[in-house]
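Please examine the structure shown here together with its sequence. The paragraphs that follow lead through it step by step.

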Amino acid sequence: MAKISNNKIDLVKNLYYGEKLTMNKIAQKLGVSIDAVVYCMRKNGIKRRSLVEANAIAFQNKKLSFREQTRLSSSQEQLKLAGLMLYWSEGHKSSTSSGIDFANSDADMIAIFVKFLREIYKVDEKRFRILLYCYSDQNVFKLIDFWSRLTRISKKQFSKPYIRKDFCKNSRKMKYGMIHIRYADKKLFLCIMKSIEETKLEMRRSDSGYSSGL
């Protein structure tokens, strides 16, 4: 097993602590085995990261699945604001969320939100997942066909629908059911939530009657 020479110990520390490379990446960079890196760190008292720290760095280095557009036309600015407000109102906003989850039964809102994701964030189409919520006396296949055509998302990307059976047949139902637009990327979720907070702050500042005590 090729060893790491003593004159490279400071380099290992910098790569691990400074550049936050994994031990595997350090091994590749130095042309040695990962066992050599582990041995070097143990021998020289280079403390390894905790699982929480390792996961945080892995998340930070994770490749984006989207490309946020920063140079927007006036119509795109309007679309972005509409999309942000829709998610603020109807989106899942828990800090533990692993991605985007927007639910609604209004076809226009769904269409605008999907357009928002496509035009403003250039999302990866393959990551879309749709969950249909409907009632047992509705035609599931027709509903999926309706939402697939509206969103231009393949039926193959629809999850198993949630079909409710315990309801009053005389109650008012959603004509096309309700769908969840899901996109699994925590970074996109955080990016949208950050933009929502910035928009809220900007709107408050532009309100001459706004008081920080409200």
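Helix α6 passes helix α7 in a right-handed crossing. In this predicted model, α6 covers residues 107–121 and α7 covers residues 140–151. Two packed helices are described by the angle between their axes and the distance between the axes. For α6 and α7, the angle is about 45° and the axes lie 9 Å apart. Such an angle makes α6 oblique to α7, because an angle under 35 degrees would count as roughly parallel and one of 65 to 115 degrees as roughly perpendicular.

How far can the predictor's confidence be followed along the chain? The mean pLDDT of the protein chain is 89, and 93% of its residues reach 70 or more. Among the elements of the chain, helix α6 has the highest mean pLDDT, at 98, whereas helix α4, residues 51–61, has the lowest, at 75. Where pLDDT is low, the predicted coordinates should not be read in detail.

The next topic is the aromatic rings. How many aromatic pairs does a search of the whole structure find? The search finds eleven. One of them joins Y16 and Y17, whose ring centres are 5.4 Å apart and whose planes stand at 70°. The pair is therefore edge-to-face, since the planes are over 60 degrees apart. Is Y16 buried or exposed? Y16 has a relative accessibility of 4% and so counts as buried, the limit being under 20%. Y17, with a relative accessible area of 39%, is partly exposed.

A second pair consists of Y133 and Y162, with ring centres 5.2 Å apart and planes at 15°. This pair is stacked, because its planes are under 30 degrees apart. Y133 counts as buried at 18% relative accessibility, while Y162 counts as partly exposed at 45%.

Ring pairs also link several residues into a cluster, namely F66, Y87, F102, F113, F116 and Y121.

K122 lies in the loop between α6 and β2. K122 has a positive phi of about 45°, although this residue is not a glycine. Its relative accessible area of 37% makes K122 partly exposed. R152, in the loop between α7 and β3, also has a positive phi, of about 60°, and is likewise not a glycine. At 63% relative accessibility, R152 counts as exposed, because its value is over 50%.

A further loop, between α2 (23–30) and α3 (34–43), contains S33. S33 counts as partly exposed at 32% relative accessibility. Which distance separates S33 from A2 in space? Their C-alpha atoms are 7.3 Å apart, although the two residues are 31 residues apart in sequence.

How values were computed:
Residues numbered from 1 in each chain as written. Predicted model: local features only at pLDDT ≥ 70, side-chain atom pairs only at ≥ 80, totals over all residues. Heavy atoms only, no water. Phe/Tyr/Trp six-rings, centres within 6.5 Å; stacked < 30°, edge-to-face > 60°. Buried < 20%, exposed > 50% of the residue type's maximum accessible area, 1.4 Å probe, protein only. pLDDT = per-residue confidence, 0-100. Helix = DSSP H or I, 4+ residues; strand = E, 2+ residues; numbered from the N terminus. Axes fitted to C-alpha atoms, helices over the stretch in contact; angles between N-to-C directions. Parallel < 35°, antiparallel > 145°, perpendicular 65-115°, else oblique. Left-handed = near helix turned anticlockwise from the far one by under 90°.
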